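Q: Hi! Could you walk me through this one while I have it open on my screen?
A: Happy to, just ask away.

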Amino acid sequence: KSIEEAEVSPLLGFNFATEDVKTEITNVNNVVAQYTAGLQTGSVDPEKVVPEYLEKLKEAGLDKIQAEAQKQFDEFNANK
C-alpha cells in the first residue's frame with residue numbers, strides 16, 4: 001500500500017550535466033575538504049567558522065553551480 005501511494009520524485013530521470021561548472025565543482029569540493037573535519041569534530045568555533053565557510057563556498061562558485069542545476073532542472077521539467 002505504501003509503495004502504491006508513494007509520491008514520485010520530480011527528480012526521477014534528471015541527470016545534472018556538470019561540464020559547464022567543472023571548475024566550480026572542484027573549487028567547492030576543495031573548500032568542503034578544508035572545513036569538514038573541523039566542523040564535524042567540533043574542534044573549531046562554529047560561530048566563527050560557519051560564516052567563513054559559507055563565504056568561501058560562495059567564492060568557490062556554489063551559486064553558479066546551483067543556478068546551472070536549476071536551469072537544467074527547469075528545462076528537464078519543461079520537456080516532460
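Q: How far apart are the axes of α2 and α3, and at what angle do they pack?
A: This is a predicted model, and in it the axes of α2 and α3 are 8 Å apart, packing at an angle of about 170°. That makes the two helices, α2 and α3, roughly antiparallel, because an angle over 145 degrees counts that way.

Q: And is the crossing of α2 and α3 left-handed or right-handed?
A: For α2 and α3 the crossing is right-handed.

Q: Which residues in α2 and α3 meet?
A: From α2 you have Glu24, Asn27, Val28, Val31, Val32, Tyr35 and Leu39. They meet a set in α3 made up of Val49, Val50, Glu52, Tyr53, Lys56, Leu57 and Ala60.

Q: Let's take Val32. Buried, exposed or partly exposed?
A: Val32 has 27% relative accessibility, so it counts as partly exposed. Leaving out residues up to four places away in sequence, Val32 touches Tyr53 and Leu57.

Q: How far is Val32 from Leu57, in sequence and in space?
A: They are 25 residues apart in sequence, and their C-alpha atoms are 7.9 Å apart.

Q: What about Tyr35, which residues does it touch?
A: Not counting residues up to four places away in sequence, Tyr35 touches Val49, Glu52, Tyr53 and Lys56. Both Tyr35 and Tyr53 are buried.

Q: How many aromatic pairs are there?
A: The count comes to four aromatic pairs. Take Tyr35 and Tyr53: their ring centres are 5.2 Å apart and the planes sit at 45°, so this pair is tilted. Tyr35 lies in helix α2 and Tyr53 in helix α3 (residues 46-60), so the pair ties together parts that are 18 residues apart in sequence.

Q: Which residues do ring pairs link into a cluster?
A: That cluster holds Phe14, Phe73 and Phe76.

Q: OK, and what makes up the largest nonpolar core?
A: Nine residues in all: Val21, Val28, Val31, Tyr35, Val49, Tyr53, Leu57, Ala60 and Ile65. Helices α2 and α3 each supply at least two residues of this core, and α3 gives the most, with four.

Q: Changing topic: how do α2 and α4 pack?
A: Their axes are 9 Å apart and the angle is about 130°, so α2 and α4 are oblique to each other. The crossing of α2 and α4 is left-handed.

Q: Which residues meet between α2 and α4?
A: Glu24, Ile25 and Val28 in α2 meet Leu62, Lys64 and Ile65 in α4.

Q: Glu24 keeps coming up. Where is it found?
A: Glu24 is found in helix α2, which spans residues 22-41.

Q: Why does Glu24 count as buried?
A: Its relative accessibility is 14%, and the label applies because buried means under 20%. Apart from neighbours within four places in sequence, Glu24 is in contact with Ala60, Gly61, Lys64 and Ile65.

Q: Last one, Gln72. Which helix does Gln72 lie in, and is it buried or exposed?
A: Gln72 lies in helix α4 (residues 62-78). With 12% relative accessibility, Gln72 counts as buried.

Q: And which residues does Gln72 touch?
A: Setting aside residues up to four places away in sequence, Gln72 touches Phe14, Asn15, Phe16 and Ala17.

Key. Residues numbered from 1 in each chain as written. Predicted model: local features only at pLDDT ≥ 70, side-chain atom pairs only at ≥ 80, totals over all residues. Heavy atoms only, no water. Buried < 20%, exposed > 50% of the residue type's maximum accessible area, 1.4 Å probe, protein only. Contact = heavy atoms within 4.5 Å. Phe/Tyr/Trp six-rings, centres within 6.5 Å; stacked < 30°, edge-to-face > 60°. Core = buried A, V, L, I, M, F, W, Y, C linked by side-chain atoms within 4.5 Å. Axes fitted to C-alpha atoms, helices over the stretch in contact; angles between N-to-C directions. Parallel < 35°, antiparallel > 145°, perpendicular 65-115°, else oblique. Left-handed = near helix turned anticlockwise from the far one by under 90°.
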